[in-house]
Amino acid sequence: MKIIIIGCGKVGVALAEGLSGEQYDVVLVDTCAEKLQQVTEDLDAMPVVGNGSSIATLSEAGVEDADLLIAVTGSDELNLLCCLIARKQGNCQTVARVRNPVYNKEISFIKESLGISMIINPELAAAMEIARLLRFPSAINIDTFAKGRVELLRFRQMPEFHMDGLTISELQSRIKSQILITGVERGEEAFIPNGDFRLKDGDSLFIIASPQNAGAFFREIGVKNDRVKNCMIVGGGTIAYYLALQLLNMHIRVTIIDKSRERCEMLAETLPGATIICGDGTDKKLLLDEGLEQTEAFVSLTNMDEENILVTLYAKERSKAKLVTKVNRLSFDNLITKLDLGSVIYPKDITADYILRYARAMQNTIGSNVETLYHILDNKAEALEFLIRENSEVVNVPLKDLSLKDNLLVGCINRDGRIMIPWGNDSLQVGDTVIVVTTQKGLRDIRDILKR
C-alpha cells in the first residue's frame, strides 16, 4: 500500500517511522530539503521536496496511484487543501490534522464537504486521554477498547498491595474481579506473562478489564480510586482548553495558570466555570498560594518540556496530587521514565497511533479489521482490537487448541456487549471483537495471531 505523508514535523516523522517499519511504501513531502534528508537517511521512505498543495508536487509524489494521503503540516488550512487537491487529482483516502478549536464543531461538515476520510485533532485526543486518567487516578495510563466497555490500564505495583512474590495464577485465584494481567515492565525488560510469572514490587503492570472490574480489582488490593474533585493546570494552550471543558462537565473544579494576559482573557471568556490565573506556573510561591498542596490533580501542559518536568517534580514534592505531564520530544524518554512524573502524555504518539490504526484497517483484506491499536510496554508491544467479520481458521476452535504465536495473549472478548476474560476452553466467534496483546509487530488480520 502506498502512503504519502505531507509534513516532516514530529507527527510526520513518527508516522513515517511506524509505517515504513511495517513495509508500507512511504513518500514523505516537505518544503525543507535539509529536514527531509535528515529523516530519510534513517527511514525507508522516498523524499519529495515541495508544497503538498501543489499539483506538480503531488504528481511527483505519485498521488495518482497512492492509497492514502496524510496531511500533518503545521497549518490546518494547508492540510485541508492538500487533502482536497489529492482527492481531485488521485483516488486516494485522505487524513488531515486539524487543531484549531474554531473548526471543532464543524468537523462533520468539513469531512463531508471536502470528502476527507478522517480528521484528527491531536490536542483534543490528548485532552480526552488526560480526562480518562483523572477519572481513574490510580492508573498511569488508560487505553479504551470496545467503545469504552474495556480498558487497558497501567499501574505501578506498590508494597502496600501485598502482591510481591505472587505468581499471576496465585493472584488470579485470590481476587474475585475479572481482570487479566497482559504485560509487565521491569526496568528495561518487558514481558507478556504466563500464569507462572512472578510479580515484584516496582513492576509496571498492564491489566485488561471492564471499568467496573478494574475498579473492583483496585479496591481488592487496597487502592483508593475515587475521581479527583479539583485540578490545577499549568499552561493555558489548546489542550488545557479542551481538558478544562471536559473536567467542568464532570463537575471537577479547574484552575488554569498561564503567563499570557491575552490568553487568560480568552480562557476566562470561553471557560466561565474555571478559575484563570495570569502568572508564571514555575513560580513556587504562586503555585502554593493557589492551592498546590490541596489539589487532587496537577497537569503540566506548557509548551516547554523542561518546564513541565520541573513543575511536576515540584508538585510531587509538595502534594499528593495525581500527576500528568505533557512531553513533546522523546530525546530523553528513558531518563523521563526514571523520573516518575506520573502519567506522561506524548501528543504526537497519540496522533500517530490513531492514523496508523486507520492505515492498518485500510490494508486489511479478509473481513477482520484492526479497530483499535495502542503501543504499550515502552513501545515493545501492541494491544490491538480485531472485529471478526467472517469465518476463518481461528473461529470456533478452543483457544488452547490454537497454535498461537509466541509472546501473544488473547486478552478479552466482547460478544454482543458482554465482556469476557477468555480461558483455554473459550473460542472466538464471528461478530466478536477480540483484544490481542503481543510483541509481534505489524498484525493486520486476526489470522496473524497463528504461527505459520
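Start your tour by selecting the open sheet of five strands, whose order is S7-S8-S11-S9-S10 with antiparallel pairing. (Helices, H or I with at least four residues, and strands, E with at least two, are DSSP runs numbered from the N terminus; two strands pair if DSSP finds at least two bridges between them.) Before going on, note that this is a predicted model, in which local features need pLDDT of at least 70 and side-chain atom pairs count only at pLDDT 80 or more, while totals for chains, interfaces and linings use all residues. Residues are numbered from 1 along each chain as its sequence is written, and side-chain values use heavy atoms, with hydrogens and water left out.

**Stop 1: the antiparallel sheet**

Which strands stand at the edges of this sheet? Select S7 (141–145) and S10: each has a single partner strand, so one side of each is left without a neighbour in the sheet. From one strand to the next, the twist averages 15°. (Axes are lines fitted to C-alpha atoms, for helices over the stretch in contact, and angles run from 0 to 180 degrees between N-to-C directions.)

Now pick out S8 and S11, which run antiparallel and are joined by six bridges.

**Stop 2**

Show the side chains of Glu 185 and Arg 154, which meet in a salt bridge (3.3 Å, N to O). (A salt bridge is a side-chain nitrogen of Lys or Arg within 4 Å of a carboxyl oxygen of Asp or Glu.) This pair links distant parts of the chain, with Glu 185 in strand S9 (residues 180–186) and Arg 154 in strand S8 (residues 150–156), 31 residues apart. Are these two side chains buried or exposed? Glu 185 counts as buried at 13% relative accessibility, and Arg 154 counts as buried at 14%. (Buried means under 20% relative accessible area, exposed over 50%, and partly exposed in between, with a 1.4 Å probe and protein chains only.)

Next, select Asp 203 and Arg 186, another salt bridge, with the closest N and O atoms 2.8 Å apart. Asp 203 sits in the loop between strand S10 (189–191) and strand S11 (204–209), and Arg 186 in strand S9, so the pair ties together parts that are 17 residues apart in sequence. At 1% relative accessibility, Asp 203 is buried.

**Stop 3: the annotated RCK C-terminal spans**

Colour residues 140–224 and 371–452, which an unreviewed UniProt entry annotates as "domain: RCK C-terminal". (UniProt positions are given in the numbering used here, feature names are shortened, and annotations may be inferred rather than shown by experiment.) Residues 140–224 are 20% helix and 33% strand, with end C-alpha atoms 14 Å apart. Residues 371–452 are 0% helix and 38% strand, with end C-alpha atoms 23 Å apart.

Click on Asn 414, which is found in strand S20 (residues 408–415) and is buried at 9% relative accessibility. A polar atom of the Asn 414 side chain lies 3.1 Å from the backbone nitrogen of Gly 417. Beyond its neighbours within four places in sequence, Asn 414 has contacts (heavy atoms within 4.5 Å) that include Ala 146, Arg 149 and Asp 432. Then show Glu 393, Asp 445 and Arg 447, which are linked in a network of salt bridges.

**Stop 4: the parallel sheet**

Move to the open sheet of six strands, with parallel pairing and the order S14-S13-S12-S15-S16-S17. At its edges stand strand S14 (275–278) and strand S17 (343–345), each with a single partner strand, so one side of each is left without a neighbour in the sheet. Here the twist averages 15° from one strand to the next.

Four bridges join S13 to S14, which run parallel, and Thr 255 stands opposite Thr 275 in S14. Helix H10 (residues 238–249) lies across strand S12 (230–234), S13, strand S15 (297–300) and strand S16 (322–326), at about 165° to S13. H11 lies across S13 and S14, running at about 170° to S14.

**Last stop: Lys 259 and Glu 307**

Finish with the salt bridge of Lys 259 and Glu 307, whose closest N and O atoms are 3.4 Å apart. Lys 259 lies in the loop between strand S13 (253–258) and helix H11 (261–270) and Glu 307 in helix H13 (residues 305–318), so the pair ties together parts that are 48 residues apart in sequence. Glu 307 is buried, at 17% relative accessibility.

Note on methods
A polar contact is a pair of N or O atoms within 3.5 Å; within protein, one must be able to donate a hydrogen and the other to accept it, and residues adjacent in sequence count only if both atoms are side-chain atoms.
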